[in-house]
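Student: I would like to go through this model with you, one question at a time. Could we begin once it is on the screen?

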Amino acid sequence: MSAGLSTPSASSASTPGSPAGGSLAANEARVAELLDTEWGLLIGGELVESASERNFEVSSPYSEEVIARVPDGSAEDARRAVAAAGAAFPDWAALPATARADLVRALADAIEARTHDLALLDAIDGGAPIAAMAADVGASVATLRYFAGLALELKGYTTPATTNLHFTERQPYGVVAKIIPFNHPVMFAASKIAAPLVAGNTVVLKPAEATPLSALLLGEIARQVLPPGVLNIVVGDGLAVPDALVRHPDVFRIGFTGSESAGRAIQRAAAEVAVKMITLELGGKNALLGFPDADPAEVADGAVRGMNFTWSGQSCGSTSRLLVHESIADEVVARVAATLADRPFVSPLDPAAVQGTIVNRRQYDRILGYIDGAVAEGARVATGGGRPVGVSRGLFIAPTVLDGVLPAHRVANEEIFGPVLSVLRWTEEAEAVALANSVRYGLTGSVYTNDIRRAHRVARALDTGFVWINGAGPHYLGMPFGGWKNSGTGREEALEELLSYSQVKSVNVML
């Protein structure tokens with residue numbers, strides 16, 4: 001999912017030390033208070049420890065120090081959560097859709113009231129700037145309210161097949177498993193449960209082990225609003241929890257956001273147990289195409305925004321390939337490099353932060369390996385290229401622009417999931433489209449041109465599920481988001497997502 005959902009940010013005016021007016025010192029003090037807690041899994045409306053009584057350590061990618069110890073959920077905990085969700089399902093599904101929507105709106109209100117605390121946990125836990133994390137909370141609140149507003153769209157239809165009565169209705173699946181990644185912790189935790197809950201399902205949510213804290217706080221918030229068992233949250237360090245959820249015989253609906261390899265593993269594991277409905281929002285190696293009639297300044301601005309450098313490029317929707325016409329390439333690259341120069345690399349709790357860290361040391365080393373490999377293959381570093389000069393703390397990688405990248409290079413084909421923009425030059429429209437479509441992914445694409453016919457022609461030709469024309473980055477509620485090819489299955493953020501969490505039943509009444 002992209003790093004920018006175009007929705008109003010949640011207000012935190014009533015919260016001391018909010019990103020809008022807080023200080024680094026105030027934020028650090030509040031984080032210390034939040035971290036001084038006993039974390040629990042949410043199962044059946046109760047905050048509990050793992051069945052194994054084991055914990056695992058959570059580290060901050062800014063300090064690289066342990067900041068919390070959280071329950072290390074097991075397969076047994078996953079089974080307990082599914083059982084609790086299954087027990088809660090009949091009563092939850094029996095509620096009128098409008099009643100479920102009211103409770104989801106109440107959850108949105110409760111989350112909004114804790115905007116600052118949730119944003120602080122995501123900032124210290126995942127390394128992204130506090131202001132961006134507050135916007136993520138706002139986006140999740142808007143998504144919950146959006147799907148609550150769609151509740152009455154869960155409707156069927158009649159068809160005059162005979163003189164009898166023939167109609168359809170939509171019913172929920174039952175227990176839904178939602179497995180989310182690290183890059184937008186609370187936004188994914190809250191927004192990904194909206195459609196399943198409104199549709200009448202109960203949910204077991206599995207957050208990423210790298211960034212579990214805001215989801216665990218969400219559990220504390222949700223248990224005050226939702227009936228016991230309607231939402232369950234189980235985190236664990238490793239594959240035991242997600243594997244148990246995917247293989248559970250009572251879980252027939254799964255939603256996953258993450259890597260392509262993990263998505264394929266989920267499909268395999270689920271197929272070994274039953275026929276399950278699975279939606280996957282996976283990786284991307286997305287292209288921004290800059291045509292010669294476009295303003296180089298606008299192309300450069302779009303390239304920077306589309307790369308989601310605020311999140312250090314850790315976004316599957318990032319336009320990480322800049323395919324630019326040779327006539328404007330030099331100017332565009334120079335403008336991008338100038339825009340990215342002299343950025344501050346400070347604590348994510350600092351209101352002045354504009355770029356976050358990489359989530360952990362393993363991913364940090366992996367990204368640096370891609371950069372070194374690109375240089376070895378002949379690419380030129382236009383800016384960045386490694387750790388920012390003079391920065392000694394935090395897993396920061398300077399925004400990196402690699403010019404002279406060729407189609408065969410690894411950085412032109414593989415998802416890096418870091419702040420690395422690969423520049424490829426072209427001369428003909430057909431060549432640009434072929435380059436854009438040459439990768440195994442098909443999530444997003446962007447077209448910059450002032451020729452309206454070309455804009456529509458190229459947008460239609462791109463093998464992607466989501467396209468911007470003269471823009472890049474944001475999502476818009478109501479516009480279906482999802483990928484083609486190896487970027488996934490299904491659509492989110494629109495009516496299609498809500499309907500996907502229901503099953504159609506045809507009823508024939510003989511009159």
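Tutor: Helices (H or I, at least four residues) and strands (E, at least two) are DSSP runs, numbered from the N terminus. This is a predicted model, in which local features need pLDDT of at least 70 and side-chain atom pairs count only at pLDDT 80 or more, while totals for chains, interfaces and linings use all residues. Residues are numbered from 1 along each chain as its sequence is written, and side-chain values use heavy atoms, with hydrogens and water left out.

Student: With which residue does the side chain of H475 make a polar contact?

Tutor: H475 belongs to strand 20, residues 474-475, and is buried, with a relative accessible area of 0%; buried means under 20%, exposed over 50%, partly exposed in between, with a 1.4 Å probe and protein chains only. A polar contact is a pair of N or O atoms within 3.5 Å; within protein, one must be able to donate a hydrogen and the other to accept it, and residues adjacent in sequence count only if both atoms are side-chain atoms. At 2.9 Å, the partner, also through its side chain, is E493.

Student: In strand 16, which residue is the bridge partner of T400?

Tutor: Two strands pair if DSSP finds at least two bridges between them, and three bridges join strand 15 to strand 16 (residues 420-426), which run parallel. On strand 15 (residues 400-403), T400 and L402 point one way, V401 and D403 the other, and all are buried. The bridge partner of T400 in strand 16 is V420.
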